[in-house]
Amino acid sequence: MKEQLQNLLTKCIHDLKDQGLLSEMPSKVRLDHTKDKSHGDYATNIALILAKQAKTNPLILAQTIIDQLDGADFIEKTEIAGPGFINFFLSDKSSAAVINEIIEGGDGYGTSNIGVGQSILLEYVSANPTGPLHVGHGRGAAYGATVSNLLRSLGYKVDNEYYVNDAGRQMDILSVSIFLRYLALCGETIRFPDNGYQGKYINDIASNIMEIHGVNFHKEAALVFEGICKDELEGGNKESHIDELISRSKELLGEGFKSIFTVGIESILSGIKKDLAEFGVVFEKWFSEQSLIDNGLSEASIKRLQESKHVYKKDGALWFKTTDYGDEKDRVVVRDNGNHTYFASDIAYHLEKFERGYDKVINVWGADHHGYIARVKASIAAFDHNPEKLEILLVQFANLYRGGKKVQMSTRSGSFVTLEDLRNEVGNDAARFFYILRKSEQHMDFDLDLAKSKTNENPVFYIQYAYARINSVFKQAQEKGVVFNYKDADLGLLTEESEKTILRELSRYKGVIESSAMQYEPHQLAYYLRELASQFHSYYNACPFILDDQELTQARLTVIHATKQVLYNGLSILGVSSPESM
RNA sequence: GCGCCCAUAGCUCAGCUGGAUAGAGCAACGGCCUUCUAAGCCGUAGGUCAUACGUUCGAAUCGUAUUGGGCGCACCA
């Protein structure tokens with residue numbers, strides 16, 4: 001509908017141009033849904049924008065434009081308002097067309113082909129596999145998955161990917177943490193390092209290893225800790241302490257260290273996968289950092305940087321001149337001890353991503369990583385790829401509130417609320433919905449009590465309830481012997497304010513999907529659905545649907561049937577279920 | 001100190017990239033169930049859009065400064 005109006009306007013401007021009244025059509029011209037019903041269905045600021053170049057008053061220009069628009073059948077009337085807006089009132093015919101489109105489109109209504117033929121690589125969550133996902137990761141997961149759904153509904157081919165940081169020192173710390181817990185199970189008395197992973201899941205993995213490998217890895221505690229420097233809380237250094245423990249464990253265990261690591265990472269990763277799957281978040285690919293090292297890609301990408309003279313040696317380390325591309329300082333890629341930094345893997349990973357040939361590469365990162373944007377883009381530019389093809393979306397942290405109080409969390413001590421805890425407490429639907437209800441770059445307060453409540457204060461239930469209510473109406477209609485056939489419906493019979501409002505709202509859906517997707521803003525869809533649900537509830541209270549008047553019954557059932565379809569389609573994109581009854 | 005993000009009703013937040021009288025939910029107050037689910041509806045009240053300048057027909061939206069909050073500034077991931 002909007003396109004048709006747009007075309008009409010453009011044509012009109014062309015005509016005026018031919019008459020020498022106007023020159024260019026500036027991009028600032030907008031055609032929008034109106035906020036206020038009294039302003040019609042759509043409004044444009046075209047006369048305001050063009051008045052200056054036409055050297056005339058906006059009101060006069062608006063009239064000229066209107067005169068030029070000879071009546072298309074979907075426009076009921078136009079009027080000039082305020083300083084020179086042109087308001088369009090659409091005819092009933094146009095809303096009937098939308099309703100038909102919705103019902104015939106069914107579950108696929110709202111999709112379009114804007115992105116057909118374009119591929120997108122969407123990477124998100126990518127939490128370190130050092131423990132279960134917590135509520136912070138949940139936001140990235142819900143956001144990424146919803147953005148993915150939105151883009152797919154525009155026809156983009158989207159691949160969801162999780163980058164697994166399964167290499168490096170953190171993995172060694174993980175292994176040592178498990179090893180020490182395992183020793184405790186063997187009856188040894190150990191002092192757990194301050195810098196180790198302290199969560200209970202580490203103990204679980206340790207006993208898992210005990211089941212698989214028995215006491216094969218048992219070493220005496222005295223041997224393990226002999227000569228190891230003091231830990232932080234003992235007045236020493238926690239980093240050196242754990243590093244020495246790592247080397248000692250590797251020495252003592254040999255291949256066994258790897259076995260412990262393998263059991264550990266597999267256990268944690270499978271937990272993460274299960275967690276996400278249950279949350280409705282599905283990845284096409286789990287990309288291993290270690291694989292970049294094993295297949296030499298990491299090494300090769302550094303070599304390429306060397307060949308193109310983007311790196312230099314300083315203080316025994318290898319530095320990448322990211323300042324050439326606007327970063328604030330150069331970054332180390334190979335440390336003086338020969339180890340690659342995390343950034344080195346990231347360079348290789350992004351190079352690999354780009355070489356897979358996607359039209360667009362999107363990363364969803366926690367906002368605390370914003371300092372990495374410049375250097376990653378620098379690496380892309382250094383390989384002569386276009387850094388603009390990489391879009392980095394930042395997601396702020398979520399604070400949990402329970403009983404009006406902030407829930408304190410700290411990863412290191414293991415006292416964090418896991419995503420699983422959250423899902424168990426508030427349910428998948430509320431979790432998915434609440435996470436995306438706020439703009440992603442906005443800090444959010446996640447109110448556990450609100451998400452759990454099954455009352456009118458909970459927006460998820462509010463929308464789901466609208467869906468269930470419509471379903472219930474149809475059940476009643478069927479029991480009363482009403483045979484519903486939307487093709488027989490005469491929507492011209494709908495004259496109540498509440499039903500006209502809902503027709504307007506339904507015609508907005510496609511635009512909302514497009515806008516949410518293109519701007520990566522799922523909250524727009526969430527707000528829309530709440531608004532639609534609200535209008536339905538008003539309609540429900542204002543008008544009976546099942547009446548003696550068969551004609552009117554058909555017309556009204558058609559409206560709510562279309563409403564039900566749109567609610568369902570929208571909720572599906574958000575990953576929220578549509579219960580038939582509540 | 002430098003960089004990025006943010007500041008809108010008592011609370012949590014929208015405001016469609018400069019438009020018409022700044023909106024919603026919750027909380028507060030007052031109404032509505034013999035009628036399709038009251039997990040609902042209707043109404044009332046609530047604001048110097050952090051502050052100050054500037055840009056123009058027009059600013060919550062753009063620019064500058066100030067104040068106040070969050071995050072980041074490793075040869076850690």
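The model is predicted: local features need pLDDT of at least 70, side-chain atom pairs count only at pLDDT 80 or more, and totals for chains, interfaces and linings use all residues. Residues are numbered from 1 along each chain as its sequence is written, chains are lettered from A and ligands numbered from 1 in the order written, and side-chain values use heavy atoms, with hydrogens and water left out.

Start at strand β5, residues 119–123. Strands (E, at least two residues) and helices (H or I, at least four) are DSSP runs, numbered from the N terminus. Five of the five residues of β5 are buried, so the strand is largely enclosed by the rest of the structure. Buried means under 20% relative accessible area, exposed means over 50%, and partly exposed lies in between (1.4 Å probe, protein chains only). In a regular strand the side chains alternate between the two faces of the sheet. Here S119, L121 and E123 point one way, while I120 and L122 point the other way.

Which strands pair with β5? Strand β6 (residues 157–164) does, in the parallel sense over five bridges. Two strands pair if DSSP finds at least two bridges between them. E123 has E161 as its bridge partner in β6. From β5 the chain passes through helix α5 (residues 135–153) to β6, in a right-handed β-α-β crossover. Right-handed means that, with the strands pointing away from the viewer, the path from the first strand over the helix to the second runs clockwise. Strand β11 (residues 360–366) also pairs with β5, parallel over four bridges. There, L122 is partnered by I362.

Now turn to helix α19, residues 497–518. Its 22 residues reach 32 Å from first C-alpha to last, close to the 32 Å expected at 1.5 Å a residue. That expected span is 1.5 Å times one less than the number of residues. The helix bends by about 35 degrees at Y509. The bend is the angle between axes fitted to the seven residues ending there and the seven starting there. After α19 comes Y520, with a positive phi near 55 degrees.

Next, the cysteines. The count of disulfides, pairs of cysteine sulfur atoms within 2.5 Å, is zero. C186 counts as buried at 18% relative accessibility. C543 is buried at 3%.

Finally, an open sheet of three strands runs β14-β13-β15, with mixed pairing. β14 (405–406) and β15 (444–447) stand at the edges with a single partner strand each, so one side of each lacks a neighbour in the sheet. Strand β13 (residues 398–402) runs parallel to β15, joined by four bridges. L400 stands opposite F446 in β15.
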